[in-house]
Each structure stands twice: as C-alpha cells, then as structure tokens.
Amino acid sequence: MTERVKVAIVGSGPAGLTAAIYTARAQLAPVVLEGEPSSTSDQPGGQLMLTTEVENYPGFIDAILGPDLMGRMRAQALRFGADLRVAKVARADLSASPFSLWLGDDDEPDVVADAVILASGARALPLSVPGEARLLGHGLSTCATCDGFFFRGQEIAVVGGGDSAIEEALFLTRFATKVTIVHRRDQLRASRIMQQRAFDHEKIELRWNTVVTEVLGDDAVTGVAVRDAVSGEPGSLGVTGVFVAIGHEPNTQLVKGQLDLDEAGYVVTTHGTATSVEGVFAAGDVQDHVYRQAVTSAGSGCMAAIDAERWLEPRGH
C-alpha cells in the first residue's frame with residue numbers, strides 16, 4: 001500500500017541525517033530512505049562510511065572514525081523520531097506534490113511525500129585497479145583536505161590531471177615531502193594558472209603518460225604499480241599515500257529529466273536549497289561540487305530542512 005508522509009529524505013550521509021534531525025524536531029515525521037549496503041553509489045551513511053579517522057568535524061577534539069560519526073548522527077535522528085529505512089529509491093515522479101517514490105517495480109508508489117529532500121550524495125570516480133578497494137582509508141584517499149594531515153613527512157602520489165588533481169597536489173605539499181602527479185597523458189587538463197603553480201612548486205614532480213595498474217600493500221599503501229602509456233613498459237612508484245582525483249559523479253540518475261542539473265550533472269539549487277521543482281530540495285554533495293566536506297553537507301542538510309518546513313507551513317502542514 002502507498003504510504004503518505006510529510007517529508008521524504010533520499011540519502012543518509014551528513015546532509016540527509018542532519019535534515020532528518022531538523023525535520024523530526026519540527027514534528028514533520030520525516031522518512032529517511034537510506035540506500036542499500038550493497039550499493040556503491042548511495043550506501044547508507046554516504047562516503048564517510050568508507051573513511052577512517054575524521055579530524056576536522058567540529059566538536060570532536062580527538063579524531064573520530066567516519067562510520068562512528070555517522071552512527072552518532074543516525075542515533076540522534078532516531079532519538080527525535082525520524083523513521084530511517086534501509087531502502088533504495090528505484091524511481092521517482094517529481095512532477096507535482098505529493099511526490100511519488102518507488103522502492104521496487106510495483107505499479108503503485110511505495111511512498112508519496114508532500115516535500116522531498118534529495119541528499120543522495122556523489123561518488124569519487126575509482127581507478128578500478130587491484131588493491132584500490134582494499135586500501136581505501138588505509139593510505140588511499142579521495143579527499144586531500146580530509147586526509148592530507150595524516151601524511152605529514154611522507155611521499156605521496158596524486159592520480160589525475162585536472163584542476164581538482166592539481167588543487168589536491170598543491171594542498172598536500174603542506175604536509176608531504178614530495179608529491180608526484182601521475183597523469184595518463186602528456187599534458188594536463190587543468191587551467192593554465194593551476195598548471196604553472198604545479199610546474200613551479202619544488203615539492204611537485206610530474207609523471208607523464210603513466211597509468212596506475214595496481215595499488216600496492218597489504219594493510220597499508222606501500223606504492224603503486226604503473227605502466228608507460230606509450231611504450232607499455234611497467235614500473236612502480238614508492239609512496240605511502242595515494243590520492244585519487246579523477247573526478248566525482250553526483251548520484252542524480254534518479255532525477256535526470258525532472259530537476260535542472262548543471263553541466264557536470266549536479267542539482268542546481270537557488271535561494272538556499274530549492275531546486276527547479278517547488279517542494280523538492282537538495283543538500284550535500286548531490287548539489288555541491290566545490291566544498292564536498294562533511295560539515296558543509298551537514299550545514300546544507302539543516303538549510304534544506306528549514307526550507308522544506310517553511311515551504312510546507314503555508315500549505316497546512
């Protein structure tokens with residue numbers, strides 16, 4: 001049977017759970033559709049479930065493990081009465097409020113919601129090489145501003161050639177003794193000013209025409225196996241940290257053709273967290289390709305909850 005709710009929140013990372021806390025405290029009885037553990041794109045808890053220590057989340061003097069932080073957020077949302085469900089939204093109809101959400105392939109929607117907060121996040125594009133999944137969070141990272149501090153005094157590699165990769169490399173020079181940018185082509189895709197900054201930095205070295213074929217190490221990164229993209233000659237690079245910066249992909253497949261997206265596929269928001277459809281709000285990495293931090297995601301989740309509450313109030317909710 002179709003269930004009618006006031007607010008449905010899609011996603012359960014920092015944005016989704018913060019939105020749940022705020023909407024639950026506002027007595028809007030939110031239903032949070034967390035995602036599925038088997039999903040690589042929108043698993044419950046978001047990207048922090050794949051990280052180890054988080055040192056830059058306000059309020060924690062000592063580092064906290066990513067899954068522990070999400071566990072605390074989840075418990076707080078439950079405390080205020082949010083209804084958290086481990087389920088993935090398979091299909092949505094956002095043409096008009098109440099909005100319809102399907103969790104399976106039934107004809108009738110499973111949930112209809114007066115307002116929807118989309119907090120489905122984004123995923124870092126993987127290298128898809130052996131050792132990558134095993135060593136994620138154990139020397140391999142997708143966020144320099146999150147994890148750079150842990151690599152103080154070490155030699156590390158950044159894989160990529162765009163602005164994001166160069167920004168990560170420049171940031172990491174604050175901590176590392178040497179940063180090697182590994183790029184599969186013979187020229188960078190980054191803007192000229194970013195390229196020049198990399199060329200001029202004494203700690204940065206570039207490896208052109210080089211493809212990573214494996215991340216090495218048992219319990220921690222000890223290096224990467226590489227291959228020359230021109231000659232095919234194999235080699236290796238001895239590093240204790242690897243940062244993958246080949247791009248992110250927002251989890252917006254659910255809303256393509258229904259909400260306005262930018263060129264990179266992120267949800268376009270205006271006046272806070274409002275989307276192109278009245279009553280649908282977006283928060284976190286699904287609409288943010290600039291900051292991508294747990295604290296900014298949580299902040300936008302708060303904004304989305306307040307925006308949804310204010311939108312619902314004059315409509316009799």
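Predicted model: local features only at pLDDT ≥ 70, side-chain atom pairs only at ≥ 80, totals over all residues.
At 7% relative accessibility, A119 counts as buried, because that value falls under the 20% limit.

## Strand 8 and its partners

Strand 8 is largely enclosed by the rest of the structure, because eight of its eight residues are buried. On the pairing of this strand, the model gives several details. Strand 1 (residues 3-10) pairs with strand 8 in the parallel sense over seven bridges, and within this pairing the bridge partner of R4 in strand 8 is V112. Strand 7 (residues 99-102) pairs with strand 8 in the antiparallel sense, over three bridges, and here the bridge partner of S100 in strand 8 is V112. Strand 19 (residues 280-282) runs parallel to strand 8 and is joined to it by three bridges, with A282 of strand 19 as the bridge partner of L118.

| Strands | Sense | Bridges |
|---|---|---|
| strand 1 and strand 8 | parallel | seven bridges |
| strand 7 and strand 8 | antiparallel | three bridges |
| strand 8 and strand 19 | parallel | three bridges |
| strand 11 and strand 17 | parallel | four bridges |
| strand 12 and strand 13 | parallel | four bridges |
| strand 14 and strand 15 | antiparallel | six bridges |

## The largest cavity

A search of the whole structure finds one cavity of 30 Å³ or more, and about 30 Å³ of space lies in the largest cavity. The residues that line this cavity are V10, A92, L94, L101, V116, L118, L254 and V255. By class, the lining comprises eight nonpolar residues, with no polar and no charged ones.

Five strands form an open sheet in the order 10-17-11-12-13, and the pairing is parallel. The edge strands of this sheet are strand 10 (140-141) and strand 13, each of which pairs on one side only. Strand 11 (residues 155-159) and strand 17 (residues 241-244) pair over four bridges in the parallel sense, and the bridge partner of V159 in strand 17 is V244. Strand 12 (residues 178-182) likewise pairs with strand 13 in the parallel sense, over four bridges, and V182 stands opposite R207 in strand 13. Together with helix 6 (residues 192-200), strand 12 and strand 13 make a right-handed β-α-β unit.

In a regular strand the side chains alternate between the two faces of the sheet. Strand 13 (residues 204-207) has a covered face, made up of I204 and L206, and an uncovered one, made up of E205 and R207.

Three strands form another open sheet, in the order 14-15-16, and here the pairing is antiparallel. Strand 14 (210-216) and strand 16 (234-237) are the edge strands, each pairing on one side only, and the twist averages 30° from one strand to the next. Strand 14 and strand 15 (residues 223-228) pair in the antiparallel sense over six bridges, with T210 standing opposite D228 in strand 15.

## The second largest pocket

About 250 Å³ of space lies in the second largest pocket. This pocket is lined by 15 residues, of which L127, V159, G160, R184 and I246 lie nearest its centre. The largest share of the lining, three residues, comes from strand 14. By class, the lining of this pocket has eight nonpolar, four polar and three charged residues.

## Backbone details in the loops

A few loop residues deserve a separate word. A cis peptide bond, with omega of about 0°, joins S97 and P98, and P98 is found in the loop between strand 6 (91-93) and strand 7. N209, although it is not a glycine, has a positive phi of about 50°, and N209 is found in the loop between strand 13 and strand 14. R292 also has a positive phi of about 50° without being a glycine, and its place is in the loop between strand 19 and helix 7 (294-312). With a relative accessible area of 22%, R292 is partly exposed, because that value lies between the 20% and 50% limits.

Key: Residues numbered from 1 in each chain as written. Heavy atoms only, no water. Buried < 20%, exposed > 50% of the residue type's maximum accessible area, 1.4 Å probe, protein only. Helix = DSSP H or I, 4+ residues; strand = E, 2+ residues; numbered from the N terminus. Pairing = 2+ DSSP bridges. Right-handed = clockwise from strand over helix to strand, strands pointing away. Axes fitted to C-alpha atoms, helices over the stretch in contact; angles between N-to-C directions. 1 Å grid on protein atoms, 1.4 Å probe; cavity = no way out; pocket = protein on both sides within 12 Å on 5 of 7 lines; lining within 4 Å. Points joined across faces, edges and corners; volume = space filled by probe spheres on them. Nonpolar A, V, L, I, M, F, W, Y, C, P; charged D, E, K, R; others polar.
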